[in-house]
Amino acid sequence: MKFLITNIEIRSETSKKLPFDLFSKETGPFNILVENRDKIIETVSHYSITDGYLRDLNKSIEDLKGQVESAIFEITYNWPVPDNITGSFSSCIIDKNNFEITVCNDLIGVYPLYYLINNTGFYISNSIILLGAASKCEFDEAGIIQRCLGPEFSNIGSRTILKDCKRLLPGEHLKFDPNGNVLSKKYDNSLYQNISKPDQNHDLHHHFWKAFKKEVAYCLNDSKTVNIALSGGIDSRVVLGAISNDKDVTGLTFGGKENYETKIASRLAKIKKANFKSFSQPNLYFPPVEILKQYTLETEAVNLCSWLEILENTERNKEPILLGDMAEVLNGRNIKKFSSKEFRQTKFIEHQILNKDYNFGNSSKESFENWKESLSYSHLRWYTEERLSQFNVSISRENLLEALLSDLNELFLRIESHQLPYVELYVELFSWFTHSRMPMGKQILICNSKFKSYCPSMSVQIIRLASSIHPNLRLNSRFMNKLFKESIELKELNKIPTNQAPIIPQNYPDIIKFPIWGLRSKIDQYLIKRLVKSKDITKRYRLFKSINWAEIYQNPNMEKNLKAYYEYNHLGEEFFQSILNQCVQRKQLKQWPFANIDIMTAASLNTEIDLIKSLRQGVNEV
């Protein structure tokens with residue numbers, strides 16, 4: 001669902017040239033274009049448009065209208081919102097009386113909301129393509145380069161690929177006058193507040209589970225049917241267990257029926273008495289250019305092409321689909337110091353067997369500055385002269401580095417505002433504001449093409465609650481293990497193994513699971529090395545059947561499709577050639593064929609730029 005709000009007149013002839021079925025409405029000085037007119041919610045005092053969902057937990061679960069209206073009032077006038085307001089959302093609200101506009105999003109900000117203020121006018125939209133076509137503003141070369149380089153292949157902070165166009169920061173709340181002047185700016189810094197004690201003898205899981213089940217119930221209060229993206233992992237099990245038994249549930253997964261993950265997901269669905277469907281269409285990992293354009297135009301979220309296996313084989317029913325923990329909060333996986341494979345191996349006895357507490361460094365001004373410097377370096381090192389010479393841009397390396405540091409500083413200020421107690425939490429929150437918000441969040445956005453996609457674990461209520469659990473309890477799956485062990489709805493699901501430690505039930509002790517996990521990993525590494533050395537694609541590549549990336553790169557249309565993605569190349573011929581060469585190297589097994597997320601992210605970016613330029617040309621012909 002795309003929308004655009006602007007104080008510039010947009011003629012009907014112009015909007016008809018855009019490839020969207022747009023409903024037009026005028027209110028005061030603003031023109032509103034929206035794909036779904038039902039998404040404009042009107043109250044006595046406001047018009048509002050929301051991506052995602054908003055709920056008031058103090059209202060009756062059946063009173064959906066009352067919940068939304070109450071939530072809109074709260075996010076307009078009270079920021080941060082009180083504890084009874086939850087959801088995962090971005091919202092735009094127009095005051096009918098003075099035509100002030102409020103824009104805001106939740107604490108992570110998965111659902112994008114863009115605003116542009118320049119000498120031509122004032123624009124707000126949830127679509128960079130629609131905004132770019134309507135505003136005709138210049139492209140931002142620094143933003144384009146950020147989308148092409150690691151570590152996340154995403155824009156940082158508020159930067160976008162359009163000049164003067166900004167994306168709301170996580171937890172940001174802005175109020176504009178009718179001309180686009182900022183009247184107020186607020187932030188929600190409620191993560192990691194009132195952190196619990198580190199004592200492992202706790203009952204926090206009872207309160208959390210009650211809250212999580214309520215979140216899911218309110219999230220689904222307008223639908224009898226629900227789909228769930230069921231990977232077979234732990235995160236999706238939490239969501240599956242929280243769905244009430246009166247719902248008609250269907251588990252969906254990508255990958256072949258013979259894949260080990262698919263078999264696990266099927267067993268989980270059976271325990272829940274849910275329907276189950278799996279989809280496998282390996283050619284979609286390098287999709288035909290028409291499919292890439294379709295999903296880029298509709299969602300601007302082509303990233304992990306595995307989702308196309310589900311979406312291309314599903315009717316557009318707009319039923320809810322629930323996704324697991326995109327921020328990986330409960331298991332503390334983004335606390336890098338303690339969650340790395342190396343640390344867990346060397347400290348296995350200390351923390352997995354003896355269950356000793358983790359030691360955290362106290363936050364200080366010095367530690368924060370040192371972390372900022374280290375983190376900045378990890379991003380700056382991607383900007384080598386060799387890499388930058390591949391792009392068709394005029395901006396200098398010095399200006400690119402200056403822009404990058406400015407964007408990082410926006411996130412550093414957001415993180416500093418939370419006054420985190422421990423050094424190790426800096427990187428976790430930064431990961432939520434980058435990795436979870438952008439590449440992981442795109443999985444939610446692309447699912448909106450066929451479903452109403454929700455991620456309850458990233459809602460205001462749940463991520464506040466989860467981040468307040470002491471990291472000593474979240475690490476090593478301590479909290480998750482207790483949650484599964486003592487929650488009735490999760491106990492049976494805990495008997496099913498995961499892909500990491502196959503065959504062994506998940507509720508077995510770590511002293512059994514961890515060696516199995518290590519053995520499976522060693523065997524997988526051996527099989528991969530053997531396959532690469534022999535260059536024989538028919539050889540076994542995993543101990544247990546899974547997505548075969550070596551086979552995916554054998555797609556006979558891969559090179560043809562890659563060239564079609566760049567028929568109109570806006571990034572540079574050398575850049576395209578480097579991508580093509582990389583894919584050929586992976587196909588020939590001269591390097592291990594990792595997932596093609598970096599390849600398809602760049603192709604999606606080039607498609608976005610091309611769509612904006614071509615739509616502008618069409619509009620200019622009106």
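Colleague: At 28% relative accessibility, what does Glu350 count as?
Modeller: This is a predicted model, where local features need pLDDT of at least 70 and side-chain atom pairs count only at pLDDT 80 or more, while totals for chains, interfaces and linings use all residues. Residues are numbered from 1 along each chain as its sequence is written, and side-chain values use heavy atoms, leaving out hydrogens and water. Under 20% relative accessible area is buried, over 50% is exposed, and in between is partly exposed (1.4 Å probe, protein chains only). At 28%, Glu350 therefore counts as partly exposed.

Colleague: Which residue forms a salt bridge with Glu350?
Modeller: A salt bridge is a side-chain nitrogen of Lys or Arg within 4 Å of a carboxyl oxygen of Asp or Glu. For Glu350, the closest N and O atoms of the pair are 3.6 Å apart. At 33% relative accessibility, Lys347 is partly exposed. The partner of Glu350 is Lys347.

Colleague: How many residues apart in sequence are the parts tied together by Glu428 and Arg474?
Modeller: Glu428 and Arg474 form a salt bridge, with their closest N and O atoms 2.8 Å apart. Helices (DSSP runs of H or I, at least four residues) and strands (E, at least two) are numbered from the N terminus. Glu428 sits in helix H16 (residues 424–447) and Arg474 in helix H18 (residues 471–474), so the separation of the parts, in residues, is 46.

Colleague: In which helix does Asp407, the salt-bridge partner of Arg159, lie?
Modeller: Here N and O are 2.4 Å apart. Arg159 is buried at 18% relative accessible area, and Asp407 is buried at 3%. The two are 248 residues apart, with Arg159 in the loop between H4 and strand E10 (165–167) and Asp407 in helix H15.

Colleague: At roughly what angle do the axes of H4 and H15 cross?
Modeller: Axes are lines fitted to C-alpha atoms, for helices over the stretch in contact, and angles run from 0 to 180 degrees between N-to-C directions. The axes of H4 (residues 141–148) and H15 (residues 397–416) come within 10 Å. They cross at roughly 75°.

Colleague: Which residues of H15 make the contact with H4?
Modeller: Contact means heavy atoms within 4.5 Å. H4 brings Glu141, Ala142, Ile145 and Gln146. From H15 come Leu400, Ala403, Leu404 and Asp407.

Colleague: On strand E1, which buried residues share one side with each other, and which are on the other?
Modeller: In a regular strand the side chains alternate between the two faces of the sheet. Both faces of E1 (residues 3–6) are covered. Phe3 and Ile5 are buried on one side, and on the other are Leu4 and Thr6.

Colleague: What is the bridge partner of Thr6 in E9?
Modeller: Two strands pair if DSSP finds at least two bridges between them. E1 joins strand E3 (residues 30–34) by four bridges, running antiparallel, and Ile5 stands opposite Ile32 there. E1 also runs antiparallel to strand E9 (residues 121–125), with three bridges. In E9, Thr6 is partnered by Tyr123.

Colleague: Which strands stand at the edges of the open sheet of five strands?
Modeller: The order is E15-E14-E13-E16-E17, with parallel pairing. Each edge strand has a single partner strand, so one side of each lacks a neighbour in the sheet. The edges are strand E15 (275–279) and strand E17 (452–454).

Colleague: Which residue of E15 is the bridge partner of Phe254?
Modeller: Strand E14 (residues 248–254) pairs with E15 in the parallel sense. Five bridges join E14 and E15. The partner of Phe254 is Phe279.
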